[in-house]
Amino acid sequence: MDKLLIRGGRQLHGEVSVSGAKNAALPELCAALLTDQEVVLRNVPALQDVSTMLKLVRNMGVAVDRQDDGTVTLNASDLGNPEAPYELVKTMRASVLALGPLVARFGQAKVSLPGGCAIGSRPVDQHIKGLHAMGADITVEHGYMMARIGGGRRRLHGARITTDMVTVTGTENFLMAAALAEGETVLENAAQEPEITDLAEMLIAMGARIEGHGTSRIRIQGVERLSGCTHQVVADRIEAGTFLCAVAAAGGDVLLRHARADHMDAVIEKLREAGAEVTATPDGVRVKASGRLRAQSFRTTEYPGFPTDMQAQFMALNVIAQGTSTVTETIFENRFMHVDEMMRLGADIQTDGKVAVIKGVQQLSGATVMATDLRASASLVIAGLVADGETLVDRIYHLDRGYERMEHKLRLLGADIERVKGVAA
């Protein structure tokens, strides 16, 4: 099992390119199921979750061609098996994104209840509720969602859908399903993440009629058919934010090529308040930092607020910053699992339910730590970059689900980090 060995204490300097966003690429791979024409996606990151999704659509009968430069070509003209089996989706919650496209185009689907990171409950009931409003009959049997269009209809129909909570994958499923539904669909309380806007722009390029994406109210006028398209996956704001936090914690001067400052307002504001210099440039985002920064309190919330996917990484900065900070996690109930591992490195953190109180320390000390989920992995890497001595991060298969060659990019910036095998934890 691979691990990362980090020798801390080096500043980061230079430039790296931010990869395409996993959370945009996964629904966009599923959007290719909506048409019998060729879809070309560029800037698709080389990640484990992407590989799993490609296995999933291949298993359905989709022709897939994946190039080393991040170009993926898909053709679902011969799809004959609208099923997402448990064996392929047990490690990835994004598999639920196949449900909407399959029902919309083929009138039926069999999708396993998804797996993924153990960071809390992410129920699929909102997906079922919304698709039911569009005319799908969905039952859960033996761990599978069994869906088909009811009432003898050929197509889903438009509906007004108001979810009980803001749900990113729910909004994406409804967008894709509504694109082929008969009539108008209105999504109220829709998620506003940049990845949803990127998916909507791809669907529009395929011939969908969508307005309001990027706001909490999206209108979709269904069409009978969608065509193929070529689409560039948007840059990963969470990868970019992770590198911003790494430079802020370790010190240095780094240009993140292709990063979008306008997608990271909440994180950048906190970094500037902490004392880092963050500047949008024509090429991306530049970050400069030196010395101990000032601890910052924050509360996670839906976009455009502070993202839960950046909570652990910013906490890694807070643990060595000056002062005391409070972090409140409102999205997932189990997203403080990295705290115990950071304390092994010498962090001073106390948790009470959804709140963590962090007292900044002068120095962390290297140790062996274990990653528990994707973003926790990244936070431990950041902590290792600033810790004295060697830090060994175990179970980095979590990291590989969401970061493309992270250790390679950090080495380009001057970090002393390597992937190792067979080292006892």
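Before the first stop, a word on names: helices (H or I, at least four residues) and strands (E, at least two) are DSSP runs, numbered from the N terminus. What you are looking at is a predicted model, where local features need pLDDT of at least 70 and side-chain atom pairs count only at pLDDT 80 or more, while totals for chains, interfaces and linings use all residues. Residues are numbered from 1 along each chain as its sequence is written, and side-chain values use heavy atoms, with hydrogens and water left out.

**Stop 1: helix H5**

Select residues 125–133, which make up helix H5. Colour Gln126, His127, Ile128, Gly130 and Leu131: these are buried, meaning under 20% relative accessible area, with exposed over 50% and partly exposed in between (1.4 Å probe, protein chains only). What lies over them? The cover on the buried residues of H5 includes helix H4 (99–106), S8, S9, strand S10 (160–162) and H6. Now step just past the end of H5 to Gly135, which takes a positive phi of about 105°.

**Stop 2: a four-stranded sheet**

Next, show S6, S7, S9 and S8. In that order, these four strands form an open sheet with mixed pairing; two strands pair if DSSP finds at least two bridges between them. Which strands stand at the edges? They are strand S6 (83–84) and strand S8 (136–141), each with a single partner strand, so one side of each has no neighbour in the sheet.

Zoom in on S7 (residues 108–112) and S9 (residues 144–149), an antiparallel pair with five bridges. Pick Val111 and you will find its bridge partner in S9, Met145. Then pick Gln108, whose partner in S9 is Arg148.

Keep Arg148 selected and look over to S8. Asp137 has Arg148 as its bridge partner in S9. S8 and S9 run antiparallel and are joined by six bridges. Between the two strands of this hairpin are two residues, and His142 takes a positive phi near 55° there.

**Stop 3: two cavities**

A cavity is found on a 1 Å grid over the protein atoms alone, as a set of points where a 1.4 Å probe fits but cannot get out; a pocket is an open set with protein on both sides within 12 Å along at least five of seven lines, and lining residues have an atom within 4 Å of a point. Grid points are joined across faces, edges and corners, and a volume is the space filled by probe spheres set on the points.

How many cavities of 30 Å³ or more does the whole structure have? The search finds two. The largest cavity holds about 40 Å³.

Helix H10 (311–318) and helix H12 (374–386) each supply at least two of its lining residues. This lining splits into two nonpolar, three polar and three charged residues.

**Stop 4: a pocket**

Now centre on Val44, Asp68, Asp69, Gly70 and Glu404. Of the 20 residues lining the second largest pocket, these lie nearest its centre. The pocket holds about 330 Å³. Helix H14 (residues 406–412) gives the most to the lining, with three residues.

**Stop 5: Thr351**

Select Thr351 in strand S20 (residues 348–352). At 44% relative accessible area, Thr351 is partly exposed. Beyond its neighbours within four places in sequence, Thr351 is in contact (heavy atoms within 4.5 Å) with Phe336, Val339 and Ala356.

**Last stop: two cysteines**

Finally, show Cys30 and Cys229. The structure has zero disulfides, a disulfide being a pair of cysteine sulfur atoms within 2.5 Å. The sulfur of Cys229 is 14 Å from the closest cysteine sulfur, in Cys30, too far for a bond. Are these cysteines buried or exposed? Cys30 is buried, at 1% relative accessibility, and Cys229 is buried too, at 9%.

Definitions and conventions. Nonpolar A, V, L, I, M, F, W, Y, C, P; charged D, E, K, R; others polar.
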